[in-house]
Amino acid sequence: MMKHFTMALMLALGALHLQAAEVTVTVTNNERTQRQELAEVKAADVYQRLGIGYGQPIVVKNGLGQQVAYQLTYDGMILIDAAVRPCGDAVFTIQSGQPEAFKTFVTGRQYPERVDDIAWENDRTAYRLYGPALQRSGERAFGIDVWLKNTPDLEVEQRYKVELDNHAKIQQLIKEGKKDEARQVEIATTYHFDHGYGLDCYKVGPSLGCGAPALMQDGKLVLPYCYKEYKILDNGPLRFTVELTYNPVALGKDKAVVEHRILSLDKGSNFNRMTVWYEGLSAPVDIAAGVVIHQEDTQSLIVGRDYVAYADPTDNPAAQNFQIYVAALFPNNISETKAMIDDTPANGIAGHAVGILKDYKPGEKYVYYFGSAWSKNDVRTLDEWKLRIDNFLNALHSPLEVRLK
């Protein structure tokens with residue numbers, strides 16, 4: 001009896017020995033450039049080493065002993081916002097405990113009050129895509145929209161509120177014949193004008209907008225419409241992730257091809273990560289993703305080996321006098337990149353700049369990136385935008401190394 005008790009005690013003490021009061025996370029940058037990214041740590045490894053239940057609150061500290069924000073993601077990662085010197089290390093410690101309240105840098109939600117838009121933002125820019133209520137209305141808005149920002153603060157919620165709160169007032173003034181007064185209220189409240197923090201002046205319509213995917217048939221894009229179902233998987237403070245399912249479309253003999261997407265946006269990044277896959281295909285097909293080219297400017301375009309970039313002229317170039325920089329990036333197995341200019345432009349759309357993946361195999365998940373910047377904010381010129389793209393692609397090919405101790 002005593003022998004069995006001693007053995008059990010030794011095993012228990014051994015288990016306690018394996019548990020740690022804290023876990024050290026070392027993030028290594030092997031490149032000769034400064035890095036500012038979210039480092040990903042496998043959450044299960046951390047919780048196992050700390051000897052606490054998965055998902056219990058933890059405290060993350062930097063090298064100065066300050067608490068820093070973290071996020072536990074739907075796919076089992078702990079995110080840490082890491083700044084790492086060229087060819088250097090950044091060291092963090094993780095302990096069990098109640099963390100401080102931290103600022104949220106990334107968030108999003110559905111806006112049923114605005115025809116089921118899903119809008120999301122980080123500290124650089126904002127995006128939205130369109131839902132079933134808009135599709136039922138018959139409006140043709142297919143792709144991903146860009147909302148410009150020049151503040152790190154979260155803006156989308158307030159923009160929707162101000163816009164929607166004043167819409168009825170504007171319509172009533174128009175009904176009363178007070179068009180000038182209605183116009184003044186619109187100028188003062190609409191999110192289509194810049195009130196010091198940014199605006200929405202990107203034209204989407206029946207196009208890919210900024211970064212949407214599409215099937216291809218006979219060399220032409222089969223544009224998706226609005227999403228059918230959605231599920232928000234992560235919602236800040238450092239990453240937003242949403243999963244989307246689209247209505248079935250007909251492609252040749254396949255009458256019910258369903259598109260699925262998972263997209264995410266991180267704090268500090270100009271680029272969203274997109275994972276797309278299709279169900280209902282009976283044979284390989286070509287798929288594409290990219291950005292719309294507008295008729296007002298078909299020249300401010302860069303077609304790289306693994307990306308396409310464009311300086312969009314906005315919905316009113318003469319009045320706005322600034323540019324929206326957009327891009328789609330293809331770090332994995334892209335077949336070709338090119339500009340597809342329409343023979344008969346319509347709705348102000350001259351065509352698209354796309355990356356094409358040939359012979360996509362049904363059901364496989366394909367990953368690419370898309371994003372934007374604003375000439376009145378963090379990227380002033382198309383040359384700067386190209387540099388931002390190059391740096392991002394280089395970082396993807398040389399990810400930060402993460403070690404636990």
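A nonpolar core here is a set of buried Ala, Val, Leu, Ile, Met, Phe, Trp, Tyr and Cys residues joined through side-chain atoms within 4.5 Å. Buried means under 20% relative accessible area, exposed means over 50%, and partly exposed is in between (1.4 Å probe, protein chains only). What you're looking at is a predicted model, where local features need pLDDT of at least 70, side-chain atom pairs count only at pLDDT 80 or more, and totals for chains, interfaces and linings use all residues. Residues are numbered from 1 along each chain as its sequence is written, and side-chain values use heavy atoms, with hydrogens and water left out.

**The cores**
- The largest nonpolar core has 72 residues, and W120 and L215 are the ones that touch the most other members.
- Setting aside neighbours within four places in sequence, L215 is in contact (heavy atoms within 4.5 Å) with K220, L221, V222, V249, L251, V257, Y278, L281, V285, D286 and I287.
- There's also a second, separate core of 21 residues, with V25, V60, I78 and A90 among them.
- In soluble globular proteins, nonpolar side chains tend to be buried together.

**Helix α7**
- Helices (H or I, at least four residues) and strands (E, at least two) are DSSP runs, numbered from the N terminus.
- Helix α7 takes in 16 residues, 382-397, and reaches 23 Å from its first C-alpha to its last. That's close to the 22 Å expected at 1.5 Å a residue, the expected span being 1.5 Å times one less than the number of residues.
- Which residues of α7 are buried? They are L382, W385, I389, F392, L393 and A395.

- Most residues other than glycine have a negative phi, and most peptide bonds are trans.
- The peptide bond from G236 to P237 is cis, with omega near 10°, and P237 is in the loop between β13 (227-235) and β14 (239-246).
- N321 has a positive phi, near 60°, and lies in the loop between α6 (317-320) and β21. N321 is exposed, at 63% relative accessible area.
- D359 also has a positive phi, near 55°, but its place is in strand β23 (residues 349-360). D359 counts as exposed, at 51% relative accessibility.
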